[in-house]
Amino acid sequence: DISPEATVVQARAAANKALALDPGLGEPHAVLALITQNHDWNWEESEREFKLAMAADPTDPTAHFWYSNGLMVRGRFDEGFREMAIARRLDPMSLPIRISEGAEFYMARRYDDALGECDRILEIEPNFAAAYLYRGLSYVQKGKWNEALADLETAKRLDDSPMSAAMLGEAYALTGDKTRPQQILREMQVRAKREHVSPLYPAIVHAGLGDKDLAFSELGAAVEERDTNVLAIKVGAFLDPLRSDQRFASLIRRVGLPPN
């Protein structure tokens with residue numbers, strides 16, 4: 001609920017100060033790697049910082065976890081899963097790491113693997129919203145609409161975030177229901193008056209509704225403000241309704257991602 005620019009300056013300054021105090025620390029390099037990856041879209045520099053972080057502290061799972069995410073959004077799935085396996089081995093019970101792996105299975109179009117990982121997470125923590133979210137998204141891709149809508153409704157109830165709302169709105173739109181997505185868009189407009197709502201989220205709903213011009217307008221705004229989740233544009237199935245449009249390839253280039 002805060003714009004990316006508002007936090008990045010503080011995070012970068014804190015990481016650089018930490019390195020000035022102790023150049024041997026790994027965590028500040030991991031933070032700088034994440035910033036250059038998620039905000040600057042400087043992939044070469046982020047690779048360098050991740051390597052420094054992992055060399056300084058090979059036992060820190062977070063650097064491998066974040067690096068894996070960056071590899072996956074670039075479509076480097078084999079490398080990404082190798083890094084995630086290291087993170088899992090270093091911290092096997094971390095739910096953020098485990099759900100990130102589930103999300104990566106979804107991004108890699110390995111929907112049965114995503115469903116299995118989400119099921120295992122929910123056995124550990126039955127109220128873990130992100131597991132319902134990615135299980136629901138995987139059910140969408142398998143055409144299991146009852147299961148998908150049930151999971152996405154639960155995700156929104158447990159975590160009433162713009163992302164959960166957007167994915168739910170798109171799913172309803174893909175079933176042919178236009179009423180619920182329009183309601184969700186109105187709720188986003190109200191929410192945007194009191195907190196930051198990335199343009200990415202209405203874009204997702206408009207994509208489901210088939211309103212391509214509106215979707216691309218909002219996506220362009222999300223790219224302009226460098227929303228972190230825009231990095232999933234290359235691999236995320238939730239943007240498939242827009243993928244055949246020539247404007248989509250242009251957005252991928254603007255994010256600095258390699259073409260398909």
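Trainee: Which residue follows α13, with a positive phi?
Mentor: This is a predicted model, in which local features need pLDDT of at least 70 and side-chain atom pairs count only at pLDDT 80 or more, while totals for chains, interfaces and linings use all residues. Residues are numbered from 1 along each chain as its sequence is written, and side-chain values use heavy atoms, with hydrogens and water left out. Helices are DSSP runs (H or I, at least four residues), numbered from the N terminus. After α13, a phi near 60 degrees belongs to Arg 226.

Trainee: Over the ring of which residue does the charged end of Arg 226 sit?
Mentor: A charge sits over a ring if NZ of Lys or CZ of Arg is within 6 Å of the ring centre and within 35 degrees of the ring normal. For Arg 226 the distance to the centre is 4.3 Å. The ring belongs to Trp 41.

Trainee: How far does α13 reach from its first C-alpha to its last?
Mentor: α13 covers residues 212-224, which is 13 residues. The expected span is 1.5 Å times one less than the number of residues. The reach is close to that expectation, at 18 Å.

Trainee: Within what arc do the buried residues of α13 fall?
Mentor: Buried means under 20% relative accessible area, exposed over 50%, partly exposed in between (1.4 Å probe, protein chains only). In α13, Ala 215, Phe 216, Leu 219, Gly 220, Ala 222 and Val 223 are buried. They line one face of the helix, because seen down its axis they fall within an arc of 160 degrees. The arc is taken from the directions from the axis to the C-beta atoms, and here it is 160 degrees.

Trainee: Which exposed residues does the face turned away carry?
Mentor: Residues three or four places apart point the same way, because an α-helix has 3.6 residues a turn. On α13, the face turned away from the buried side carries Asp 213, Ser 217 and Glu 224.

Trainee: Against which helices do the buried residues of α13 pack?
Mentor: Contact means heavy atoms within 4.5 Å. The packing partners are α12 (200-209) and α14 (246-255).

Definitions and conventions:
Helices (H or I, at least four residues) and strands (E, at least two) are DSSP runs, numbered from the N terminus.
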